[in-house]
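Here are my notes on charge placement and surface patches. Please read them with the model open.

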Amino acid sequence: MQEFMQQMINGLSLGAIYALIALGYTMVYGIIMLINFAHGDIMMVGAYVGFFSIAVLGSNIIAALLFAMLSCAALGVIIEKIAYKPLRNSTRIAALITAIGVSLLLEYVTIFFLTPDQRVFPESAFPLHNYEIAGLVISNKDIFIFVLAILLMLILQYIIKKTRTGKAMRAVSQDPEAAILMGISVDKIISVTFAIGSALAAAAGVMIGLYYNTINPLMGIIPGLKAFVAAVLGGIGIIPGAMVGGFLMGILETMVSGYGSSLYRDAVAFGVLILILLIKPTGLFGKNTGEKV
Amino acid sequence: MRVNKRVVLAVLMLFMLGVVAGCGASQEPTGENAAPEKATVVEKIPVGINVELSGAVASYGSNARNGAILAIEEINQAGGVLGKQLEPLERDCQSKPDEAMNLSAKLVGEKIVAQIGPLVSGAVAGCTPVMMKNQIPLIAPAATAVNATVDENTGKTRDYIFRVCFLDSDQASRMAEFALKELKVKNAVIFGSTSDEYAKGLAKYFKEAFEAGGGKIIDEEGYVNGDQDFKATLTKIKGKNPEFIYVPGYYKEVSILIKQARDLGIKVPIAGGDGWDSPDMVKVAGAAALNNTYFTNHYSVEDPAPAIQAFVKAYQDKYDKVPDAFAALGYDSAKLLAQAIKDAGAADPQKVTEALAKIKDFPAITGTMSINEKHNPVKKIVVIEFKDGKLVSR
């Protein structure tokens, strides 16, 4: 039982990271039906910005987090304007392939300028402290990641449900043409979506750097793919779905490693993706709506 | 029909061009036959250094090259070999086996007495046919694959291929012996990378040696290179209460893994192989987490032996960094070659090959070595312990 509880803690902290990345995927998909494969790499850029603001500028962790989120919000908007906007009326496959191109561009530009070597996140930015409660080990980092993830998700929910911008986002998501007729600037709303999604990815990047101590230019690929699975699991385009999907994914992986075999972990993760697509393509929270023709 | 004839003609011409080019290539051996007379006139002994200076394993190749160049400079300053200066011909094989092979062929054309490098077993395998055909010895600084010096199909030793590093089977059994005899553990868990042959080989050889020595392997787990979260598997391992954990893999994952193991309260010794050798270990895992961890390595920078300290100092003076194992192996390769030329009494590839096969008790930085009948060095493997962030050899 004690081991099971420890595995739950492991799963929740891993899941919090997946959930944060999955939110960005889901938001962008909800608005413009694009799977932004560069999302994991924006997370990597966020981790690097966080790293440099701590290691070079000497800022504290909160300032580094905010700085990374702001920079990546700007990066997300720029990528959207340059790479995706010209293709908005093209086929979806064209935009998808461009997203893969942007992903590779971000990875290899980073490698070119910052070398492929891993960098060690400064430990002093957030010293580790372990709490032992009834034989369970919980670190302050576990708590920080979990609380921050929940907090950011709540803020996001608030923005989407209660603010004018959020209302406009939902409107664009439901019917972009009708939204234009209602006087909503679709371009602006899409920019805001990319900004928020990328800022969440940056937060996840800094957290990964903090949690695992190292960052490298290709760190976004695997977490990005897993978060994509999490978003599909919850129902892509649905925000609470991404949160639940992320946590489920983290717990699932942990349980497979802990009680099955660590060798089957990724096979199970991607097996789940295939199963969902076969049984309930709209995901756990998705509604079965017929496609408009 | 007319067009067809033209096509046939064009193909024929191309074919003939190929024949002419083939003739050009086959002229090389004739040129070589003339070499011995020339060699008596030339005062320099050309040595090929064909290593990975760029590409995926650029750091291995560049450090080995630095070590080899340092050794050659020392030898030349002390008067050279047989009164002649060694002349290093440096080539970059870009971490590609096919490029390594092409460069070997070119170096052979430049009348080298022997080639040092490449580092990686795959690239050495690329050069092997060229060296065997031209009967010129190759000294591999760090190729740990068994079949680098022995043809696994026939069981025959490759006549012209030698190495100065230990084999993976040697280092894994050394660690098994260390765990059983010096740490006195009775059971162990193996938790290694499953993404590369190196780590899988170490895991296999460790298991064989540990069980042969009376130990019990209670669990085997794996991870994939690039993983960052090992907590689930570590929690499972903790539940089994092992006395020892063997983690074959590279420092990138191992450093994070050890940190997470200690965070979860796993206090038993953790050990691995030469893939752990990197300054990043202490930076990522932290000095405290690394206490009670051990790895087998080619040599230790902290070794107080005067020869090793002299080498470390000379290397630091020249390159302004601490020599890693690859630098030491590159240095040893060049020194071993110089010894073989001296023993042979002539800078003749055939005689040098015979001398290399007879090397006994050669005092190398990576341990006093003798070359055995499989062209592998026989030497003692050091076990290094992390003590408060410092490397201490056991």
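1. Start with a salt bridge in chain B. B:K207 pairs with B:E220, and their closest N and O atoms are 3.1 Å apart. B:K207 sits in helix α7 (residues 197–212) of chain B, while B:E220 belongs to strand β7 (residues 216–223) of chain B, so the bridge ties together parts 13 residues apart in sequence. B:K207 has 27% relative accessibility and counts as partly exposed. B:E220 is also listed as partly exposed, at 41%. Bear in mind throughout that this is a predicted model.

2. The next pair stays within one helix. B:E177 and B:R174 form a salt bridge, with 3.5 Å between the closest N and O atoms. Both residues lie in helix α6 (residues 168–182) of chain B. They are three residues apart, about one turn of the helix. How do the two partners stand on burial, buried or partly exposed? B:E177 is partly exposed at 38% relative accessibility. B:R174 is buried, because its 10% falls under the 20% limit.

3. B:K335 meets B:E74, and the closest N and O atoms are 3.1 Å apart. The pair links distant parts of the chain, 261 residues apart. B:K335 is in helix α13 (residues 325–344) of chain B, and B:E74 is in helix α3 (residues 58–77) of chain B. B:K335 is partly exposed, at 23% relative accessibility. B:E74 is partly exposed too, with a relative accessible area of 27%.

4. Now the wider count. Over all chains, the structure holds 19 salt bridges. Chain A has a network of them. It links A:E80, A:K81, A:K85, A:R88 and A:D187.

5. B:E253 deserves a look. This residue lies in helix α9 (residues 251–263) of chain B. B:E253 is buried yet has no salt bridge. How far away is the nearest side chain of opposite charge? That side chain is B:K252, at 4.5 Å. What does the side chain of B:E253 reach instead? It reaches the backbone nitrogen of B:G226, at 2.7 Å.

6. Compare a buried lysine in chain A. A:K226 lies in helix α9 (residues 221–234) of chain A. Its relative accessibility is 2%, so A:K226 counts as buried. The side chain of A:K226 makes a polar contact with the side chain of A:E253, at 3.1 Å.

7. B:D303 is a loop residue. The loop runs between β10 (293–297) and α12 (306–319) of chain B. B:D303 has a relative accessible area of 18% and is therefore buried, since the limit for that class is under 20%. B:D303 and B:D98 are 205 residues apart in sequence. In space they are 38 Å apart, C-alpha to C-alpha.

8. A:R170 has a relative accessible area of 32% and is partly exposed. It can join a patch because the requirement is over 30% relative accessible area and no salt bridge.

9. Chain A also carries a nonpolar surface patch. It is formed by A:Y131, A:I133, A:I143, A:F146, A:V147, A:I150 and A:L154. Together they have about 600 Å² of accessible area. The largest share, five residues, comes from α5(A). A:Y131 lies in strand β2 of chain A. At 36% relative accessibility, A:Y131 counts as partly exposed.

Technical notes
Residues numbered from 1 in each chain as written. Chains lettered and ligands numbered in written order. Predicted model: local features only at pLDDT ≥ 70, side-chain atom pairs only at ≥ 80, totals over all residues. Heavy atoms only, no water. Buried < 20%, exposed > 50% of the residue type's maximum accessible area, 1.4 Å probe, protein only. Helix = DSSP H or I, 4+ residues; strand = E, 2+ residues; numbered from the N terminus. Lys, Arg positive; Asp, Glu negative; His and termini not counted. Salt bridge = Lys/Arg side-chain N within 4 Å of Asp/Glu carboxyl O. Polar contact = N/O pair within 3.5 Å; in protein donor to acceptor, adjacent residues only side chain to side chain. Patch = residues over 30% accessible without salt bridge, like charges linked within 9 Å, V, L, I, M, F, W, Y side chains within 5 Å. Areas by Shrake-Rupley, 256 points an atom, 1.4 Å probe, with all protein chains shown as cover.
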